[in-house]
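Hi,

Here is the model I promised to pass on. Have a look first, and my notes on what I found follow below.

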Amino acid sequence: MSERVFVPCDAAALSVGADDVAAAIHREADARGFDIDLIRNGSRGLLYLEPLVEVELLGQRMAYGPVTEADVSGLFDADFLNGGAHRLLLGPTEELPLFARQTRLTFARCGITDPLSLADYIEHRGYRGLQRALELTPAAIVDEVAESGLRGRGGAGFPTGIKWRTVLGETAEQKYIVCNADEGDSGTFADRMLMEGDPFCLIEGMTIAGIAVGATMGYIYIRSEYPHAFRTMKAAIAIARESGYLGANVAGSAHAFDIDVRLGAGAYICGEETALLESLEGKKGVIRPRPPLPAISGLFGKPTVVNNVLSLAAVPFILDEGAAAYAQHGMGRSRGTNPVQLAGNIKRGGLYELPFGLTLREAIYDVGGGTATGRPLRAVQVGGPLGAYFPESLLDTPLDYEAIAAEKGLLGHGGIVVFDDTVDMAKQARFAMEFCAIESCGKCTPCRIGSTRGTEVIDKIIANNQRLANLELLDDLCNLLTDASLCQLGGLTPYPVLSALRHFPEDFDRPAVGTQEKTS
Amino acid sequence: MTTHAPWDYDRALHLVREHQHVTGALLPILHALLDEFGYIDSRVIHDVAEALNLSRAEVVGVINFYHDFRQSPPGRHVLLVCRAEACQSMGCETLFDQLRSRLAVENGGTSADGAVTLESVYCLGNCALSPAIMWDGHLYGRMSPDRALALVGQATS
């Protein structure tokens, strides 16, 4: 029997040479006369160890990493095909401390299977959720999702079951499932990893959603910065269709459901669900005023479920194992698991699926190992470019929707970006405004004009030009953005700006909040 | 090297026809043109508008709205540098500045020899291995200024 060797095809692994490593393993195996079966799996999420090469031995996998092309010959010399000792040997993957402490529900298969092998998917509990859904009434499927406590993973945290129930209750000749894979937040890559590592899971989740609410067509809107995810999803959909899991009779049932994948075009705002729908319709990604909600009047004016990749990918587990199995994890109103993404200046960056409730400090230090540069941590941005900056003193805040919100932040899509003490927080605040100006769709004035004025005002503050008057103006402008913007781009841009001002006033050279300074 | 075809009106028209019947066809058509030629040539806008029963202004509006839809041909190589927060925390601004001065271009510009187009991008989704760049569609992580300059050097020499 040939040895099974795994080298990830995830874009992050490719970015540090996984293709070169795979080619070198093939070359070396041929030269040495070894018969190997090299499988391109998804990523295990321990991205700091990529390319992570695994060898299957007696049903368990031994991990070596990070492997470079130059290491491959040495790995063969060390007999790595039989788990031989080598300086890159990490041990059995599942026993690695950072892997063992995770609760992999949504990412259970990611990194284990060949992403485009339907047989692999089915062997690893794939399509069991759909089988169960086919035995239930639509209302019972929706109830199961509602009872699981699943909340939208895109950032808003809206209960998925309630959204589905609204669409189920609408009468229309056509309804849609739209998957929001426009994962634009810096510091997040969970959607990308899932789509590249376990695409059938998303397809199954969307299919269940379609059956639950009575939709026969689904669209996945993927950002153009994710060409690998786009190709993998397209290929997986073609396979699912050929195998009868998509099409006129899903898995031999009377239900019809099909999926098409669409590419974004570099507009951050299209992650906002109504802008995404406009874009899918072939228009500018300009947001729509609400109401009506997309659940009532969405894509082409039809009732539409718009869910994030991770929300939909959690559904197969919930249907397969039951709502209670999902809801038993987590804290408070944040049920299930949270794929925490550690990014930026962090030693052990990657995706770690953990129950809600872990503190920022535990995530950054126990899991992430502190900063990559080894310098002291100064700021942490949670939840993407619209999320707040947290100082060291707030690191004991648990990662939970409500706890982060209580500190005037947002959990968003679960991204955590770490900065060391070389960061200039006035510059970061300026960037937040500038980013809003670059990405504003232009529909509402506060965001369109306010972001440009905000950038100018911060420039004046930094230049010490009428600093106190301009700080006051900036506060005022932020209030306006919060209260009067049509969507969260303008509405949340004040989060990073004001948190930088609140927690790092020294970078703006202003007195700390609450202390008085005389205006002269 | 990017593999863009030189402008060919008949080919462009063919691409428009090929995609005009899918739902919400405008973005798929523009992507097909972008893939083929590396930019959206103004000479095809009239045909796109006609195929979709839109005004030319609507089509131009969409092209202008999205950052991807370049309106002039790019260089032989396209270099995207991620300048979002995670990459900022690992020094992408220094990386970007060095590339900008090496190529003597501003953001979005193409070097005088036509070799490289330099563009900022806000997140390549490789945030655990920052800084990230994309060179002709290939993603690179943990990119140092030296390695990036070497890539550019090979292309421009």
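The contact between the two chains takes 46 residues from chain A and 33 from chain B, where contact means C-beta atoms, placed from the backbone, within 7 Å. On the chain B side, the elements giving two or more residues are α2 (26-37), α4 (56-65), α5 (85-88) and β4 (138-140). Helices here are DSSP runs of H or I with at least four residues, strands are runs of E with at least two, and both are numbered from the N terminus. That side of chain B splits into 20 nonpolar, ten polar and three charged residues; Ala, Val, Leu, Ile, Met, Phe, Trp, Tyr, Cys and Pro count as nonpolar, Asp, Glu, Lys and Arg as charged, and the others, Gly among them, as polar.

Before you dig in: this is a predicted model, so local features need pLDDT of at least 70 and side-chain atom pairs count only at pLDDT 80 or more, while totals for chains, interfaces and linings use all residues. Residues are numbered from 1 along each chain as its sequence is written, and chains are lettered from A and ligands numbered from 1 in the order in which they are written.

Chain B has seven helices and four strands, in the order α-α-α-α-β-α-α-β-β-β-α along the sequence. An automatic or database assignment divides chain B into domain 1 (9-65) and domain 2 (77-156), and their C-alpha centres lie 29 Å apart. The C-alpha atoms of chain B fill a box of roughly 50 × 30 × 20 Å along the principal axes. Of its 157 residues, 45% are buried, meaning that 20 or more other C-beta atoms, placed from the backbone, lie within 10 Å of the residue's own.

Chain A has 21 helices and 16 strands, and 57% of its 520 residues count as buried. Its C-alpha box is roughly 85 × 60 × 40 Å along the principal axes. The radius of gyration of chain A is 24 Å, which agrees with the value near 24 Å for a compact globule of 520 residues; the radius is taken over C-alpha atoms, and the rule is 2.2 Å times the number of residues to the power 0.38. Among chain A contacts between residues at least 6 apart in sequence, 72% join residues at least 24 apart. For chain B, with those cut-offs, the share is 62%.

Beyond its neighbours within four places in sequence, C179(A) is in contact with residues including L202(A), M206(A), V309(A) and L312(A).

V309(A) and L312(A) are also among the buried residues of α13(A). Helix α13 (residues 309-321) of chain A is mostly covered, with eleven of its 13 residues buried. Just after α13(A), G322(A) takes a positive phi of about 100 degrees.

Which elements cover the buried residues of α17(A)? They include β14 (377-382), β15 (389-391), α18 (445-462), α20 (488-492) and α21 (494-503) of chain A. Eleven of the 15 residues of α17(A) are buried, so the helix is largely enclosed by the rest of the structure.

Cheers

Key
Buried ≥ 20, exposed ≤ 12 C-beta atoms within 10 Å, placed from the backbone.
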